Amino acid sequence: MGVMSDICETSTAPRQVARRYRRDLIIASLLYVGIIFVSVYVARHFAPPRWASIALALASAAPVFLMLRAYGRFFGGLDEFQRRVQTEALAAAVGIVGFAALTYGFLESFAGFPVFEGALIWVLPAIAVVHGVAVAVVRRRYQ
Amino acid sequence: MRNRLKVLRAERDWSQADLAERLDVSRQSVNAIETGKYDPSLPLAFKIAEVFGLPIEQIFLKQEAAQAAE
């Protein structure tokens, strides 16, 4: 999700919108690192009960929700052309990552490709990475 | 859709950044509209018309109308 800051860098967003987005992302990222560190430590050293494991998992995802919220606020601060660019890039990213995940799922099922445990964790970061690249590509198309 | 943004801007000696500031949009947005790569929404088109003090139809032209005029 840290790549979302790249989106900010390559966009033409109003300065105050970009600054607020960067600040929100830094806060969410620090929270994410802290909570992940604690969650992994607790899970490995204390063998917590199921309810606590679920709580740790949900707590780990919470900062990512803050990142998405930050992106939502960033998007809301853009003008209509910039929103068009972001929307096209997001559509491309979701399409590419979704298609790649589906294709690999079939390869796992039919062709015995290795099964990656916890692969779902990487879906959103992958969308963020592809989105960052797609924003640059889409913006160039409009130049 | 074609538009006369570049000409109208030049007549007033405004840069893209000047126009962007008047419209409260980014300079890149003005550039994309000016080059015809992005058609503005109706509210933004009205705002552009207001900034130039002209009716919309004197700024934005349908492709066929623009070709006929040339």
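Which residues have the most contacts inside the largest nonpolar core? Select Ala89(A), Ala93(A), Ile127(A), Val130(A), Ala134(A) and Val30(B). The core they belong to has 18 residues. A nonpolar core here is a set of buried Ala, Val, Leu, Ile, Met, Phe, Trp, Tyr and Cys residues joined through C-beta atoms within 7 Å. A residue is buried if 20 or more other C-beta atoms lie within 10 Å of its own, exposed if 12 or fewer, and partly exposed in between, with C-beta atoms placed from the backbone.

Before moving on, note that this is a predicted model: local features need pLDDT of at least 70, side-chain atom pairs count only at pLDDT 80 or more, and totals for chains, interfaces and linings use all residues. Residues are numbered from 1 along each chain as its sequence is written, while chains are lettered from A and ligands numbered from 1 in the order in which they are written.

**Stop 1**

Select helix 4 (80-111) and helix 5 (123-141) of chain A. Helix 4 of chain A gives the most, with six residues. Helices (H or I, at least four residues) and strands (E, at least two) are DSSP runs, numbered from the N terminus.

**Stop 2: chain B as a whole**

Along the sequence the pattern is β-α-α-α-α-β-α. The radius of gyration of chain B (taken over C-alpha atoms) is 11 Å. The globule rule (2.2 Å times the number of residues to the power 0.38) gives 11 Å for 70 residues, so chain B is as compact as a globular protein of that length. Its C-alpha atoms fill a box of roughly 35 × 25 × 20 Å along the principal axes. Of its 70 residues, 23% count as buried.

**Stop 3: helix 2 against helix 3**

Stay in chain B. Helix 2 and helix 3 of chain B pack at about 105 degrees, with axes 8 Å apart. Axes are lines fitted to C-alpha atoms, for helices over the stretch in contact, and angles run from 0 to 180 degrees between N-to-C directions. The two helices of chain B are therefore roughly perpendicular (65 to 115 degrees; under 35 is roughly parallel, over 145 roughly antiparallel, the rest oblique).

Now select the contact. Two residues are in contact if their C-beta atoms, placed from the backbone, lie within 7 Å. From helix 2 of chain B take Gln16(B), Ala17(B), Leu19(B), Ala20(B) and Leu23(B). They meet Arg27(B), Ser29(B), Val30(B) and Asn31(B) in helix 3 of chain B.

Centre on Val30(B). Not counting residues up to four places away in sequence, Val30(B) touches Gln16(B), Leu19(B), Ala20(B), Leu23(B) and Val25(B).

**Stop 4: where the chains meet**

Bring chain A back. Nine residues of chain B are in contact with seven residues of chain A. Helix 3 of chain B provides the largest share of the chain B side, three residues.

**Stop 5: two loop residues**

Most residues other than glycine have a negative phi. Select Asp13(B), whose phi is positive, near 60 degrees. Asp13(B) is in the loop between helix 1 (5-11) and helix 2 of chain B. With 7 C-beta neighbours inside 10 Å, Asp13(B) counts as exposed.

Finish at Asp24(B), in the loop between helix 2 and helix 3 of chain B. Phi of Asp24(B) is positive, near 60 degrees. Asp24(B) is exposed, with 11 other C-beta atoms within 10 Å.
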